[in-house]
Amino acid sequence: MTHAAGIDASYGHGLGIIGADFNADGRLDIYVANDQTPNQLWTQQEDGKFKDMGLVSGSAYNAAGEAEAGMGVTAEDFDGDGDLDLFLSHLINQTNTLYLNDGRGNFDDATAIFGLGPASRPFTGFGTKWFDYDNDGLLDLFIANGAVMMLDDLKGDPFPYHQKNQLFHNTGRTYEDVTASAGAALQLSEVSRGAAFGDIDNDGDVDIVVSNCNGWARLLINQVGNARHWLTVQLEGTATTRDATGALVAVERTGRQPVWRRSSTDGSYLSANDRRVHFGLGTDEELGEAPVEAIVVAWPDGVRERWPVQGVDQLLKLKQGTGEPVS
């Protein structure tokens with residue numbers, strides 16, 4: 001189907017990939033992070049064919065008009081405005097890049113605005129994801145780092161490519177590098193590549209599995225997230241879309257706008273993530289001010305359903321066809 005769909009109309013050194021609806025037209029698009037060639041945004045047309053809108057959308061190059069290394073990629077609504085933004089990891093001496101969506105599939109390089117530029121220049125990033133590590137309701141960032149060319153300050157080292165991974169905390173206005181205070185696991189200097197995210201021990205917070213070149217795989221167990229409240233949603237779709245990949249899930253809270261997340265396994269770099277959808281809900285006080293009312297699911301076939309929620313700090317298993325229809 002590649003030629004018929006138009007996907008072979010342009011070329012790039014593809015590494016990271018995300019499938020999602022970036023322009024809110026109800027059709028799945030494909031974003032490809034390319035290594036040192038322009039990124040591609042394959043926008044699905046009404047006839048089912050795809051058109052590369054990377055250049056037109058502003059997501060092919062950074063703000064300086066440069067094609068970057070494009071290793072890892074993640075897409076989420078990190079700023080809570082109802083559309084999917086993009087974050088990409090890159091080579092040393094480049095900055096990792098945050099592309100801000102205007103809601104119609106047009107992107108601006110907002111890396112500097114959110115403080116993600118200088119801290120990433122000394123690193124080569126691969127696996128990455130927006131996730132809420134501390135369950136405060138804001139999406140943070142993890143980047144798995146490891147060089148591909150010998151580092152000058154490691155000359156003489158048996159394996160002179162190792163770097164620390166990074167954790168960035170979302171303050172609500174910008175991102176703060178909290179790697180130094182994130183525990184012993186993030187003080188290791190290794191050559192990291194893949195990063196997969198999910199609640200490994202089912203305790204209500206998101207853990208990380210990191211793969212390393214010439215070294216151990218690392219299981220990073222989250223020790224702080226479940227100090228705040230949370231909800232996790234596991235979906236079961238119809239026979240044709242059993243895993244409900246691509247479904248959108250929202251938490252409705254009193255006095256607040258709904259918070260939307262994707263059910264997917266894609267993104268990061270050479271890794272598959274937990275398809276369950278995780279929501280951080282904050283402290284007792286924050287939850288009391290804005291209690292959870294319901295979960296809304298927009299299924300891949302366009303059907304929407306709503307389930308009232310009784311209680312938090314639980315895994316909800318929702319099956320298509322069992323909720324209240326939403327127009």
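# Reading a predicted fold: core, strands, loops and salt bridges

Trainee: Which residues have the most contacts inside the largest nonpolar core?

Mentor: The largest nonpolar core holds 19 residues, and V233, L235, V249, I295, V297 and L318 have the most contacts inside it. A nonpolar core here is a set of buried Ala, Val, Leu, Ile, Met, Phe, Trp, Tyr and Cys residues joined through side-chain atoms within 4.5 Å. The general idea: in soluble globular proteins, nonpolar side chains tend to be buried together.

Mentor: Some ground rules. This is a predicted model, in which local features need pLDDT of at least 70 and side-chain atom pairs count only at pLDDT 80 or more, while totals for chains, interfaces and linings use all residues. Residues are numbered from 1 along each chain as its sequence is written, and side-chain values use heavy atoms, with hydrogens and water left out.

Trainee: Which strands each supply at least two residues of this core?

Mentor: Look at β18 (229-236), β19 (248-253), β21 (277-282), β22 (292-298) and β24 (314-319); each of these supplies at least two core residues. Strands (E, at least two residues) and helices (H or I, at least four) are DSSP runs, numbered from the N terminus.

Trainee: Let's zoom in on L235. What does L235 touch?

Mentor: Contact means heavy atoms within 4.5 Å. Skipping residues up to four places away in sequence, L235 touches R242, D243, A244, A247, V249, S263, R275, V297, W299 and L318.

Trainee: Now strand β15. Is it mostly covered or open, and how many of its residues are buried?

Mentor: Buried means under 20% relative accessible area, exposed means over 50%, and partly exposed is in between (1.4 Å probe, protein chains only). Strand β15 (residues 192-198) is mostly covered, with seven of its seven residues buried.

Trainee: In what sense do β15 and β16 pair?

Mentor: Two strands pair if DSSP finds at least two bridges between them. β15 and β16 run antiparallel as a pair, over five bridges. One detail to find on screen: A196 has V209 in β16 as its bridge partner.

Trainee: Why does V209 count as partly exposed?

Mentor: V209 sits in strand β16 (residues 207-212), and it counts as partly exposed because its relative accessibility is 32%.

Trainee: On to loops. Where does T179 lie, and what is T179 in contact with?

Mentor: T179 is in the loop between β13 (175-177) and β14 (189-190). T179 counts as buried because its relative accessibility is 8%. Beyond its neighbours within four places in sequence, T179 contacts N165, Q166, L167, L186 and Q187.

Trainee: What is the phi of S268?

Mentor: S268 has a positive phi of about 60 degrees, although S268 is not a glycine. S268 lies in the loop between β20 (259-262) and β21, and is buried at 2% relative accessibility. D313 is another non-glycine with a positive phi, near 55 degrees. D313 belongs to the loop between β23 (304-308) and β24 and is partly exposed, at 33%.

Trainee: How many salt bridges does a search of the whole structure find?

Mentor: The count is 11. A salt bridge means a side-chain nitrogen of Lys or Arg within 4 Å of a carboxyl oxygen of Asp or Glu. Take E190 and R218, whose side chains meet at 2.7 Å, N to O. E190 is in strand β14 and R218 in strand β17 (residues 218-220), so the pair ties together parts 28 residues apart in sequence. E190 is buried at 16%, whereas R218 is partly exposed at 28%.

Trainee: And how far apart are the closest N and O atoms of R306 and E324?

Mentor: They are 4.0 Å apart in that salt bridge. This pair links distant parts of the chain, 18 residues apart: R306 is in strand β23 and E324 in strand β25 (residues 324-325). R306 is partly exposed at 23%, and E324 is partly exposed at 40%.
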